[in-house]
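Try each one yourself before reading the solution.

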Amino acid sequence: MANIKSQKKRIITAEKARVRNRAVRSELKTAVKDVRKAVEAKDADTAQAAACKANRLLDKAASKGIIHKNQAAERKSGVQRLVNTLG
């Protein structure tokens, strides 16, 4: 454990951020999984709605620095490519 007061505070704030970031990443995975399920069920409307939600969450995560902006772009592209297979 750190002896310096500022370092003790950094440990506490870093832990809070870690827990928050983990929750957001989990939410992203769930959103992408919902798109996959809708595509497997061949439900174009539901898949498109789920893709919009996933894209929004990915953009928010990237803007907050939870994931890198290029990773968000890659995931958005993959999600939309899945939806486009339904035609």
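Angles under 35 degrees count as roughly parallel, over 145 as roughly antiparallel, 65 to 115 as roughly perpendicular and the rest as oblique. This is a predicted model, where local features need pLDDT of at least 70, side-chain atom pairs count only at pLDDT 80 or more, and totals for chains, interfaces and linings use all residues. Residues are numbered from 1 along each chain as its sequence is written, and side-chain values use heavy atoms, with hydrogens and water left out.

**Exercise 1. Work out how H1 and H2 are arranged, and which residues hold the contact.**

Step 1. Begin with the elements: helices (H or I, at least four residues) and strands (E, at least two) are DSSP runs, numbered from the N terminus. Helix H1 covers residues 5–40 and helix H2 covers residues 44–63.

Step 2. Now take the geometry. Axes are lines fitted to C-alpha atoms, for helices over the stretch in contact, and angles run from 0 to 180 degrees between N-to-C directions. The packing angle of H1 and H2 is about 160°, and their axes are 8 Å apart. H1 and H2 are therefore roughly antiparallel to each other.

Step 3. List the contact, meaning heavy atoms within 4.5 Å. H1 contributes Val24, Glu27, Leu28, Ala31, Asp34, Val35, Ala38 and Val39, while H2 contributes Thr46, Ala47, Ala50, Ala51, Ala54, Leu57, Leu58 and Ala61.

Step 4. Sort these residues by class: Ala, Val, Leu, Ile, Met, Phe, Trp, Tyr, Cys and Pro count as nonpolar, Asp, Glu, Lys and Arg as charged, and the others, Gly among them, as polar. The contact of H1 with H2 has 13 nonpolar, 1 polar and 2 charged residues.

**Exercise 2. Find the buried residues of H1 and H2, and what covers them.**

Step 1. Set the cut-offs: buried means under 20% relative accessible area, exposed over 50%, partly exposed in between (1.4 Å probe, protein chains only).

Step 2. In H1, the buried residues are Leu28, Ala31, Val32, Val35, Ala38 and Val39, and they pack against H2 and H3. An α-helix has 3.6 residues a turn, so residues three or four places apart point the same way.

Step 3. In H2, Ala47, Ala50, Ala51, Ala54, Asn55, Leu57, Leu58, Ala61 and Ala62 are buried. Their cover includes H1 and H3.

Step 4. Look at asparagine 55, which counts as buried at 16% relative accessibility. Leaving aside neighbours within four places in sequence, asparagine 55 is in contact with Lys76, Val79 and Gln80.

**Exercise 3. Look for positive phi values around the helix ends.**

Step 1. H1 is followed by lysine 42, with a positive phi near 60°. Lysine 42 is not a glycine; it is found in the loop between H1 and H2.

Step 2. Is lysine 42 buried or exposed? Its relative accessible area is 68%, so lysine 42 is exposed.

Step 3. Just after H2, glycine 65 takes a positive phi of about 85°.
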